[in-house]
Amino acid sequence: MFKTTIKPTLAATLLALGSASVAAQTGDRYIIQVDNNSKGIVKALAKQSGADIHIDANGFIAATFSGKSLSDVKGLMNNPHVKLVEQDHERRPMALYNDDAGDPDAMQITPYAVYQAQANQVTFDANAGMKVCVIDSGLDSSNPDFVWSRITGDNDPGTGNWFDNGGPHGTHVAGTIGAADNSYGVIGMAPGVDMHIIKVFNAEGWGYSSDLAYAAQKCADAGANIINMSLGGGGANSTEENAFIDFVNNGGFVVAAAGNDGNNVRSYPAGYPAVMMIGANDADDNIASFSQYPSCTSGRGKNATSDETICVEVTAGGVDTLSTYPAGGATMASMTADGAGVAASAMENAGTASATTYFMGIGDSVDTNASGKVCLIDRGSISFYDKVNNCEQSGGVGAVVINNEPGMLYGTLGETNDTTIPAVGAAQEDRAQLLAATTVDISIGASDYGYMSGTSMATPAVAGVAALVWSNHPTCTGEEIRSALKATARDAGAAGKDVYFGHGIVQAADANDYLTANGCAGGGSGGGGTGGGSDLSLTANGYKVKGMQTVDLSWSNATGNDVDIYRDGSVITTTANDGAYTDSLNKKGGGVYDYQVCEAGTTTCSATVTVVF
């Protein structure tokens with residue numbers, strides 16, 4: 001895999017866009033729910049009160065009341081035709097960072113997430129009527145890797161044409177879903193699927209919850225089966241939630257990103273029960289460090305309830321994901337050693353170099369033996385700039401700086417860089433291959449393809465898998481597809497369902513086979529491909545004894561002699577399968593604990609039950 005890092009300023013910008021906990025900037029913009037027959041009266045009242053109306057949708061309007069609080073607006077709009085006045089929350093794209101990548105123009109590259117999700121094992125039926133509605137920053141018409149005759153769109157008020165990008169985010173997301181199967185670029189999960197694009201993010205890179213509610217209506221009007229939202233923010237909103245409930249009740253399927261703050265905060269719209277919350281994993285089946293993991297439990301004590309539709313349900317690849325960019329919008333590096341591809345990270349200086357290799361050690365001095373060659377340099381002691389500059393002063397035509405610790409080396413040559421030869425970073429794991437190579441070829445340049453990371457990237461992977469599977473079972477409803485994806489997800493992380501992976505990593509071929517075997521209604525109990533779908537059930541009751549936390553667990557339908565008891569993903573005991581166990585935590589105060597019971601030594605487990613003190 002070829003990849004690089006981005007400039008720090010762009011990284012900071014994308015990080016800010018991805019944060020669900022960014023301080024609210026909605027200020028004085030509100031949603032007013034209203035009977036359609038009386039909308040004219042309400043609009044007139046709003047304008048009379050000094051409002052600037054932004055959205056006029058079915059059942060609601062969105063407007064700014066300059067300098068007015070929510071209570072102020074409720075007073076101004078105190079009218080029998082007004083059903084509800086609520087805050088119009090911001091919604092932002094969820095991508096942490098992008099890695100400018102190696103050049104895929106010479107061949108079609110299959111992203112790792114396609115293999116990981118088994119999407120390469122299922123054939124997409126382009127005639128099944130699947131359509132994915134992508135609510136994002138637009139899809140740039142300059143990228144050729146789409147079947148444009150199958151793509152339509154709508155413009156949200158104030159955002160400009162849906163086919164002009166408002167940044168690379170939406171184009172990257174759309175490529176993961178449906179980039180064409182051709183001889184170049186990348187291939188999507190459901191290659192060539194019909195898409196309807198709705199551009200909701202403004203020039204500053206964010207939108208409102210009312211924009212999403214309005215967009216959901218537009219998705220339905222366009223005949224979409226699936227809505228993808230690689231975005232989110234804080235605060236629930238009934239208008240927004242109702243729009244997705246309506247879409248699902250009409251047979252649709254909605255996915256949204258869990259968020260990128262790496263904490264247990266619930267982001268919206270992913271946190272609505274009608275929306276499937278998607279987390280991100282990496283190429284090694286590890287949970288992404290940034291992937292949010294809200295609890296499936298709401299309320300406290302005896303009033304606590306558990307609902308798996310308000311937490312992560314499945315994950316997909318979302319780390320270093322290769323996909324489409326606006327034409328020429330990505331800066332990418334590629335490298336081969338004796339013709340074999342090696343991962344690379346662009347440091348500076350666009351260009352190419354192809355030559356025999358010369359190992360310069362740590363590159364701390366000029367060495368004329370490097371003249372006309374690609375310098376291989378170990379990291380350490382001096383700056384990256386000094387290493388590359390010494391290579392160039394030695395007559396070197398290109399430089400490869402190799403990390404001195406596991407993983408890829410990401411770096412730049414500094415703001416005062418005056419070197420001209422192309423320079424890339426390389427991983428420590430590839431050091432032996434590079435030092436053994438006779439020749440190395442490196443290239444840094446602009447391309448239509450690049451890498452991004454975030455739950456934004458995992459979400460379209462699931463949307464694409466859903467379209468792929470659904471195209472082979474078109475009589476199913478969206479909720480039946482949702483259930484099949486959970487029932488067949490490959491378990492990862494702690495045994496059985498957990499807050500990080502949900503039921504596990506989504507699997508297209510297994511879901512397709514499951515529906516073929518069981519029909520749209522499925523096979524009964526659902527969730528967790530390797531064990532999460534068992535009939536083993538668990539209940540938990542938390543209470544205090546002399547102020548100390550105590551939890552009584554009881555289970556049924558375990559078949560072995562012993563069971564493993566898990567608390568927060570770790571085994572706390574292996575005990576006899578007698579149906580009951582008491583966990584005395586020896587702690588006072590509050591706390592939240594996730595419990596599971598599993599057949600001893602297996603991944604056949606109950607669903608997770610959360611206890612809140």
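Guide: Gladly. Helices (H or I, at least four residues) and strands (E, at least two) are DSSP runs, numbered from the N terminus. Just after α12, for instance, glycine 519 takes a positive phi of about 80°. Do keep in mind that this is a predicted model, in which local features need pLDDT of at least 70 and side-chain atom pairs count only at pLDDT 80 or more, while totals for chains, interfaces and linings use all residues. Residues are numbered from 1 along each chain as its sequence is written, and side-chain values use heavy atoms, with hydrogens and water left out.

Visitor: Why is alanine 280 called buried?

Guide: Buried means under 20% relative accessible area, exposed over 50% and partly exposed in between, with a 1.4 Å probe and protein chains only. Alanine 280 has 0% relative accessibility, so it counts as buried. This residue is found in strand β16 (residues 276-281).

Visitor: What does alanine 280 touch?

Guide: Contact means heavy atoms within 4.5 Å. Leaving aside residues up to four places away in sequence, alanine 280 touches Ile287, Ala288, Phe290, Ser291, Thr315, Ala316, Gly318, Gly454, Thr455 and Ala458.

Visitor: Why is aspartate 338 called partly exposed?

Guide: Its relative accessibility is 45%, so aspartate 338 counts as partly exposed. Aspartate 338 sits in the loop between β21 (330-337) and β22 (340-341), and has a positive phi of about 50° although it is not a glycine. Aspartate 568 likewise has a positive phi of about 50° without being a glycine. It lies in the loop between β32 and β33 (570-576), and with 45% relative accessibility aspartate 568 also counts as partly exposed.

Visitor: Why is the pair of tryptophan 206 and tyrosine 208 called edge-to-face?

Guide: A pair of aromatic rings is described by the distance of the centres and the angle of the planes. Rings of Phe, Tyr and Trp (its six-membered ring) pair if their centres lie within 6.5 Å; planes under 30 degrees apart count as stacked, over 60 as edge-to-face and the rest as tilted. A search of the whole structure finds 6 aromatic pairs. For tryptophan 206 and tyrosine 208 the ring centres are 5.3 Å apart and the planes stand at 75°, so the pair is edge-to-face. Both tryptophan 206 and tyrosine 208 are buried.

Visitor: How do you know that β2 and β3 pair?

Guide: Two strands pair if DSSP finds at least two bridges between them. β2 and strand β3 (residues 60-64) have 5 bridges, in the antiparallel sense; aspartate 52 stands opposite threonine 64 in β3. They belong to an open sheet of 4 strands in the order β2-β3-β1-β4, with antiparallel pairing. The edge strands are β2 (52-57) and β4 (82-87), since each pairs on one side only.

Visitor: How do you know that β35 pairs with β32 and with β36?

Guide: Strand β32 (residues 562-567) and β35 pair in the antiparallel sense over 5 bridges, and tyrosine 566 stands opposite glutamine 596 in β35. Strand β36 (residues 609-612) runs antiparallel to β35 and is joined to it by 4 bridges; valine 592 has valine 612 in β36 as its bridge partner. Strand β35 (residues 592-599) is mostly covered, with 7 of its 8 residues buried.

Visitor: Which residues bring α11 and α12 together?

Guide: Ile481, Ala484, Leu485, Ala487 and Thr488 in α11 meet Asp510, Ala511, Tyr514 and Leu515 in α12. The residues of this contact divide into 7 nonpolar, 1 polar and 1 charged. Here Ala, Val, Leu, Ile, Met, Phe, Trp, Tyr, Cys and Pro count as nonpolar, Asp, Glu, Lys and Arg as charged, and the others, Gly among them, as polar.
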